[in-house]
Amino acid sequence: MNNQTAADTSLRALCQDCLRVVTYQNKEELLAAHNEEVFCQCSGQLCACGGCTDDIALLENGEFNAFDSLLSGVVKWDAETGATFAFKGGKA
Ligand SMILES: [Zn+2]
Ligand SMILES: [Zn+2]
């Protein structure tokens, strides 16, 4: 399953919760997501702004520490399934 090279990378939105990347077929679908008419399957908000497009590039480059917060960090990420977070401080 490596047929994504033909996809238009400008038609992508990033879930603000699970960091899943959703690719749309056209601008109308993308706008519906961006306008909160459609949500991620985790019910998180999808965003397709320039900042989120940059964030997608960071995730694809494996730069997960850009998404670390004080309490948790991304340990694993996949565009289709989103991020796996781990809580810091040892005992979960
Ligand atoms: Zn999500
Ligand atoms: Zn955004």
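**Labels and their cut-offs**

Modeller: Serine 43 is found in the loop between α1 and β3. Helices and strands here are DSSP runs, H or I over at least four residues for helices and E over at least two for strands, numbered from the N terminus. This is a predicted model, in which local features need pLDDT of at least 70 and side-chain atom pairs count only at pLDDT 80 or more, while totals for chains, interfaces and linings use all residues. Residues are numbered from 1 along each chain as its sequence is written, and chains are lettered from A and ligands numbered from 1 in the order in which they are written.

Biologist: What makes glutamate 36 count as exposed?

Modeller: Glutamate 36 has 10 C-beta neighbours inside 10 Å, and therefore counts as exposed. Glutamate 36 also lies in the loop between α1 and β3, and its phi, near 65 degrees, is positive although the residue is not glycine.

Biologist: Which residues touch the most other members of the largest nonpolar core?

Modeller: They are Ala13, Leu14, Leu19, Val22, Ala33 and Leu46, in a core of 16 residues. A nonpolar core is a set of buried Ala, Val, Leu, Ile, Met, Phe, Trp, Tyr and Cys residues joined through C-beta atoms within 7 Å. β1 (12-15), β2 (21-23), α1 (27-34) and β4 (72-78) each supply at least two residues of this core, and β1 gives the most, with 3 residues.

Biologist: How do you know that β1 and β2 pair, and in which direction do they run?

Modeller: Two strands pair if DSSP finds at least two bridges between them. Here 3 bridges join β1 to β2, and the two run antiparallel. Leucine 14 stands opposite valine 21 in β2.

Biologist: What is the strand order in the open sheet?

Modeller: The order is β2-β1-β3, an open sheet of 3 strands with antiparallel pairing. β2 and β3 (46-47) are the edge strands, as each pairs on one side only.

Definitions and conventions:
A residue is buried if 20 or more other C-beta atoms lie within 10 Å of its own, exposed if 12 or fewer, and partly exposed in between; C-beta atoms are placed from the backbone.
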